[in-house]
Amino acid sequence: MTREDKELLAALERALKAQHLHMFYQPKVRLRDGSLAGVEALMRWDHPELGAIEPSRFIPIAEEHGLIDDLTLWGLRTILRQWLDWCEDGIDTTIAFNISALSLQHLDFPDLVERMCRALEVPADRLVLELTEGATQPLVKLMDTLTRFRIKGIGLAIDDFGTGYSSLMQLRQLPFTEVKVDRAFVDDVPRSRDCRLIVQTVTELAHGLGLTATAEGVETLDQLHWVAELGCDLAQGYLISPPMEPGVLGVWKKAFRRAWPKMMTEEPLALWGDVEADALGER
Ligand code: G
Ligand code: MN
């Protein structure tokens with residue numbers, strides 16, 4: 001362990017206690033009508049000296065040094081309380097939480113989550129767990145835990161699908177409810193016929209298996225129009241909203257409802273991009 005990592009780990013332990021960790025929330029909207037389908041909770045760490053530290057930096061350290069379960073529990077408590085706050089403001093939505101496969105190794109973990117939901121009176125089906133397959137932690141090994149979550153009504157999304165270690169076999173074997181199409185494909189959809197074919201095929205596969213297809217990383221109108229055209233159910237990304245503080249979700253929701261019809265009609269699909277790309281010998 002490098003000295004830098006050691007210091008970061010100690011600081012993370014302090015941050016957990018001192019409440020320097022926060023959750024931000026990024027909406028997922030239905031492409032059918034632009035309505036709010038749910039939010040994804042994303043951790044933020046504002047280090048007093050180092051500034052904002054990305055989860056991709058501190059989660060692996062927490063995983064490696066025994067702090068991940070504390071982080072997971074902190075995250076779950078935070079989002080369940082947040083659900084109650086929103087509910088009081090008239091927003092009843094689902095909250096997706098990125099969970100480390102390490103936290104899923106305890107077979108009693110689904111029961112613990114259920115107890116947390118019960119204690120706060122949050123319906124378990126308002127919770128979605130987002131999972132990513134790692135090199136060292138194949139999700140198939142977590143079959144029992146994941147099944148227990150599903151039985152309790154908790155949703156399961158496979159994150160960043162189509163890149164990294166994700167495989168078609170998991171889709172068939174594990175009780176997922178949602179597939180999140182990796183932003184790498186969404187990014188290239190307006191320019192690449194291959195990417196469109198991949199997004200469309202993954203979406204059809206998801207539907208065939210009874211799952212929701214979500215396009216992540218939607219940043220432009222072109223991408224939004226395309227993923228709708230290709231059959232995706234939900235979209236998420238900076239175009240719709242960057243991750244935001246929980247207090248502004250209500251305002252965003254109203255503003256977005258007004259903006260939606262215009263977003264969908266603003267510009268036609270950029271079919272011309274195709275023609276140009278073909279002319280240039282690209283796809
Ligand atoms: O692995 P996962 O898909 O959970 O990653 C979430 C991360 O993606 C967050 O850090 C979030 O800020 C980032 N993100 C959210 N929307 C977009 C987007 O439209 N474009 C890009 N590049 N990143 C995004
Ligand atoms: Mn995610």
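The shell around ligand 1 has four nonpolar, four polar and six charged residues. The model is predicted: local features need pLDDT of at least 70, side-chain atom pairs count only at pLDDT 80 or more, and totals for chains, interfaces and linings use all residues. Side-chain values use heavy atoms, with hydrogens and water left out.

**Shell**
- Of the 14 residues around ligand 1, Gln 26, Glu 40, Arg 183, Glu 219 and Tyr 238 come nearest (a residue is near if one of its heavy atoms lies within 4 Å).
- Domain 1 (1-172) and domain 2 (177-243) each give the shell at least three residues; the bounds come from an automatic or database domain assignment.

**Polar contacts** (pairs of N or O atoms within 3.5 Å)
- Arg 183 has a polar side-chain atom 2.7 Å from an oxygen atom of ligand 1.
- For Gln 26, a polar side-chain atom lies 2.9 Å from a nitrogen atom of the ligand.
- Asp 160 places a polar side-chain atom 3.3 Å from an oxygen atom of ligand 1.

**Burial**
- Ligand 1 taken alone exposes 520 Å², of which the protein buries 76% (Shrake-Rupley method, 1.4 Å probe).

Technical notes: Residues are numbered from 1 along each chain as its sequence is written. Chains are lettered from A and ligands numbered from 1 in the order in which they are written. A polar contact is a pair of N or O atoms within 3.5 Å; within protein, one must be able to donate a hydrogen and the other to accept it, and residues adjacent in sequence count only if both atoms are side-chain atoms. Ala, Val, Leu, Ile, Met, Phe, Trp, Tyr, Cys and Pro count as nonpolar, Asp, Glu, Lys and Arg as charged, and the others, Gly among them, as polar.
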